[in-house]
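Have the structure open as you read.

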Amino acid sequence: MLFFSVIVPTRGDSSKLLPLLDALARQTLPRDRFEILISFDGASPSPEISRTLAELDARTLEAAGRRGPGAARNLAARAAAGDYLAFTEDDCLPASDWLERVALRLEREPAIDVLEGATVRPDGRPSRRPDGEQLHYLPTNLFVRRAVFERVGGYCEEFFDAGRGIYFREDSDLGFSLEEAAAKGAREPLARVTHPVEHAGYLDPLRWALRYEMDPLLAARHPDQFRDRIEVHRIGPLAFRRLFVRACFAFLLAVVAALIAMLVGEEGLAVAFLFIATFAFLAIWAKWGFNMLRLPICLCVPFVLVFAYARGFRRAMSSASSQRLMM
C-alpha cells in the first residue's frame, strides 16, 4: 500500500494552521498510511500548535531563518519517508476523504508521477480556471512521487526575495521541471481542498504586482513554457499572452508619452496617449471588478509592477551569471 508524506510550509499562524491540522486529523485514510511534516519557515510553533502536533504525531522542521515556502517544502521533503509527497498549505482545508481519494486513484494507476487535486474557493468554484489537460501544479493540492521530486531537485529556492518576503512562480517552475523530466501527470477532481479567496485585502493589488519580480527568472529557466503557458488566454485559435502585464506597461508608457507630448505643445497627441492609457487602465482595474474603493490603489499597480519587473530582470541576470561562474 502507498504511504504519503503530507508537507505543509508555514509561518506559524495558529489561526490558519490549527484548522488545517484538524482537517488532517479527520482524514478517512488510515493514520498509519500517512505522516505529517510541518515545516516552519523562519518561525517556531506556539505552545498550542506544539500540543496539537504532538497529538497528531506530526513531525516538525524549523529553518533557522526565513527562506520562502519552496525552501520549507524542500526541507520537509528531505526528511519525508512517503512514496508520494502530498503538498498543501496552512490556509487550506482538505476534505476528509482527500488522501483516500488520491490513494485509490494512484493504486488504480500506479504509473502516475504527479497528481493534482481540485483546489476550490469557499463557494465551491475552482480557484484557477482549467487549462485543457495541462496541470497548474498548485501546491495547495499536489501529489508528487518522491523519487521524481528528488530527481528534478525539488522546488527552486531562488523564487523568493527575503528582504520583501515576496515569493511567486516556484510552483510553475517545479511543474515545468517535472514535465521536462517526462513525469506522467494527471488530475483527480474528487480530491478537494478549499482555499480562501485570494487578494481580498485593500492593499493586495500592490502585493500582487510586486510578485511579478519573479517572472523574468521563470522566463529565463523555462522560456518556451513561460511564453506558452503563463497567463495565456485562448479564444478559439487566438492566444492572448500576459494581457495584465502588457496593460501595465502600456499604461505607464502612454502616460509618459502624454506628458512628453504636453511639454512639447502637442495637445492632440497628448489626448490620444491619455486615451490609450485609460483603455489600458480599465483592463487593469477589471482584475479587481472595477471596485471604486480600490481605484486609488489600482492606479499605482502599473508603476509597482514595472518596477518589480525591472528588479526581476536584474535578479534573473544575476542568477544566470552565477550559474555560468559555477560551470
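Helices here are DSSP runs of at least four residues (H or I), strands of at least two (E), numbered from the N terminus.

This is a predicted model: local features need pLDDT of at least 70 and side-chain atom pairs 80 or more, while totals for chains, interfaces and linings use all residues. Numbering starts from 1 along each chain as its sequence is written, and side-chain values use heavy atoms, without hydrogens or water.

Back in H10, the buried residues include Phe244, Val245, Cys248 and Phe251. Buried means under 20% relative accessible area, exposed over 50%, partly exposed in between (1.4 Å probe, protein chains only). After H10 comes glycine 265, with a positive phi near 80°.

Now the nonpolar cores, meaning buried Ala, Val, Leu, Ile, Met, Phe, Trp, Tyr and Cys residues joined through side-chain atoms within 4.5 Å:

| Core | Size | Residues named |
|---|---|---|
| Largest | 32 residues | Phe4 and Trp98, with the most contacts inside it |
| Second, separate | 31 residues | including Leu218, Val245, Phe251 and Ile284 |

Tryptophan 98 is in contact (heavy atoms within 4.5 Å) with residues including Val6, Leu24, Phe143 and Val193, leaving aside neighbours within four places in sequence.
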